[in-house]
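Morning, everyone. Please have a look at the model on the screen, and I will walk you through a few parts of it.

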Amino acid sequence: KMIQSISMFSDVEGVDFQFTYADSGDYNEAYPQMEKLREQISTEQGIEGLELFESTTCNMLVPKAQISGELFDLGETGENTLTDRYGKPLIDEKGSDQQTIVYFINRETYEGLKLSEGSPTYDELVAQKGVLLNPTAVVSSLDTGLTSYPVGAFQVGEKLWLSASYYTPSEASSGPEYSESERDKEIAFQLPISGFVEETPWYNTRRYNPQIYIPMENRDMVLNQGNMTASNEVIYLRVKAAPEAKEALNQRMKEYGKESYKLRNIYEQEKENRNTATVLNIFVYGFLIVVIVICSLNLFNTIHANLRMRKREIAMLRAVGMDNRKLWKSLLLECVLYGVIGTFWGSVLGFSLQIMLSYAIAGAIEVEILASPLIYIGGSLIASILVCLLAGVGPIRKLIKSPIVEEIRAQE
């Protein structure tokens with residue numbers, strides 16, 4: 001289960017190929033080139049989705065008064081030790097500071113969003129200079145596994161408290177004498193909420209963060225503050241292929257990537273991940289089968305040897321009048337107790353090792369940790385009892401059918 005989670009939980013779920021413009025960070029040069037690429041790719045067969053947009057990141061401060069109950073519950077789990085994927089506490093004395101993804105969208109992309117009732121039209125959104133907010137994020141914890149939660153209780157008309165890193169272009173181009181700390185500056189600003197996005201679109205690859213959607217016409221509200229420009233805006237073209245066309249499109253996308261575009265071949269990355277997961281599953285499940293076989297043989301031998309060593313005791317019980325039915329029940333109950341005791345100590349040791357492994361990998365990778373082992377413990381208990389009963393049936397039947405006198409004399 002853990003291996004499958006490591007392999008399949010991805011920050012690019014739903015996206016097969018991603019392009020960025022390689023030659024220039026100038027929006028006026030890069031965006032038309034990306035539009036040209038979009039037109040070329042749209043003619044390919046097997047394309048299920050194709051989205052072109054600009055994106056950046058900012059921090060959104062959710063005041064304590066607005067933090068959702070779900071986030072408070074998560075933040076209080078494990079004595080306030082729950083952190084986001086960057087290791088930062090979810091809640092501090094100021095509230096919850098959430099890294100937020102900003103998407104600058106055109107009219108066509110806007111039409112594809114699933115919005116809340118009463119949301120403005122695209123033209124109204126441009127005129128209001130507002131944003132569409134998806135407040136849902138994902139967090140990974142030892143107590144809850146992968147959990148989706150709303151970061152805050154927001155209303156239309158409220159203003160979001162945002163901040164981002166900006167630089168002065170003239171300084172950035174002045175050479176290495178300017179350090180990052182000298183030319184980057186954190187600036188805070190506010191934007192009004194005009195509506196809500198109810199469902200994360202397929203091309204959003206940052207599902208563990210809240211998202212803000214802003215019309216392209218209003219991009220300067222975030223990307224430019226006075227004479228300063230946002231530090232990390234990127235133009236993306238993301239492609240979703242039909243399952244039967246992915247292999248053919250893979251070769252075609254590589255050809256486009258040879259031009260002035262950077263290709264992130266997510267399809268091949270996911271294929272490698274699946275192959276790795278298959279190899280790991282073969283190893284882990286193969287090792288598991290070997291361990292189960294060895295444990296079953298140990299149980300079988302232990303019960304078999306125990307019953308053989310008690311031949312005289314069992315014969316004496318038969319001699320003093322214990323009928324076969326009661327003897328069967330008594331000995332089978334002992335077999336069941338072997339299975340229960342073995343499962344108990346195995347579960348204690350196994351679950352302890354799982355917790356240690358969980359802490360060892362927490363923060364390194366995003367993985368769903370098994371929160372409730374009861375189903376697996378129950379399955380192990382049933383399997384152990386069945387093995388013990390099967391191990392005991394043969395020797396018990398043989399002991400009961402043996403002559404009492406011979407069994408007693410054999411031990412003298």
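This is a predicted model: local features need pLDDT of at least 70, side-chain atom pairs count only at pLDDT 80 or more; totals for chains, interfaces and linings use all residues.

The protein has 412 residues, and 39% of them are buried. There are 14 helices and 13 strands. Now the contacts. Take those with a separation of 6 or more: residues 24 or more positions apart account for 80% of them. The accessible surface comes to about 22,600 Å². Carbon and sulfur atoms hold 56% of that surface.

On to helix H2, residues 27–42. How far apart are its end C-alpha atoms? They are 22 Å apart. That agrees with expectation, because 16 residues at 1.5 Å a residue should span 22 Å. Which residues of H2 are buried? They are Ala30, Tyr31, Met34, Leu37 and Ile41. Looking down the axis of H2, these buried residues fall within an arc of 120°, so they line one face of the helix. An α-helix has 3.6 residues a turn, so residues three or four places apart point the same way. The face away from the buried side carries the exposed residues Asn28 and Glu39. And what covers the buried residues of H2? The cover includes strands S1 (17–21), S2 (47–63), S12 (234–241) and S13 (261–265). Helix H9 (246–257) is part of that cover as well.

That brings us to H9. This helix has 12 residues. From first C-alpha to last it reaches 16 Å, close to the 16 Å expected at 1.5 Å a residue. Its buried residues are Leu249, Asn250, Met253 and Tyr256. Seen down the axis of H9, they too fall within an arc of 120°, so they line one face of the helix. What do they pack against? Their partners are S1, H2, S2, S12, S13 and H10.

Next, two residues. Leu125 sits in helix H5. Is Leu125 buried or exposed? It is buried: its relative accessible area is 0%, and the cut-off for buried is under 20%. Leaving out residues up to four places away in sequence, Leu125 touches Tyr110, Pro120, Gly130, Val131, Leu132, Ser194, Pro215 and Asn218. Leu125 and Glu217 are 92 residues apart in sequence, yet 10.0 Å apart in space, C-alpha to C-alpha.

Now Lys129. It lies in the loop between helix H5 (122–128) and strand S4 (131–134). Most residues other than glycine have a negative phi. Lys129 is not a glycine, and its phi is positive, about 55°. How accessible is Lys129? Its relative accessibility is 49%, so it counts as partly exposed.

Last stop, the cavities. How many cavities of 30 Å³ or more are there? The count comes to 2. H12 provides the largest share, 4 residues.

So, back to the picture for a moment. Then find Leu125 in H5, and Lys129 in the loop between H5 and S4. Thanks, everyone.

Terms used:
Residues are numbered from 1 along each chain as its sequence is written. Side-chain values use heavy atoms; hydrogens and water are left out. Helices (H or I, at least four residues) and strands (E, at least two) are DSSP runs, numbered from the N terminus. The expected span of a helix is 1.5 Å times one less than its number of residues. Buried means under 20% relative accessible area, exposed over 50%, partly exposed in between (1.4 Å probe, protein chains only). The arc is that of the directions from the helix axis to the C-beta atoms. Contact means heavy atoms within 4.5 Å. Accessible areas come from the Shrake-Rupley method with a 1.4 Å probe; for residues, only the protein chains shown count as cover. On a 1 Å grid over the protein atoms alone, a cavity is a set of points where a 1.4 Å probe fits but cannot get out, and a pocket is an open set with protein on both sides within 12 Å along at least five of seven lines; lining residues have an atom within 4 Å of a point. Grid points are joined across faces, edges and corners, and a volume is the space filled by probe spheres set on the points.
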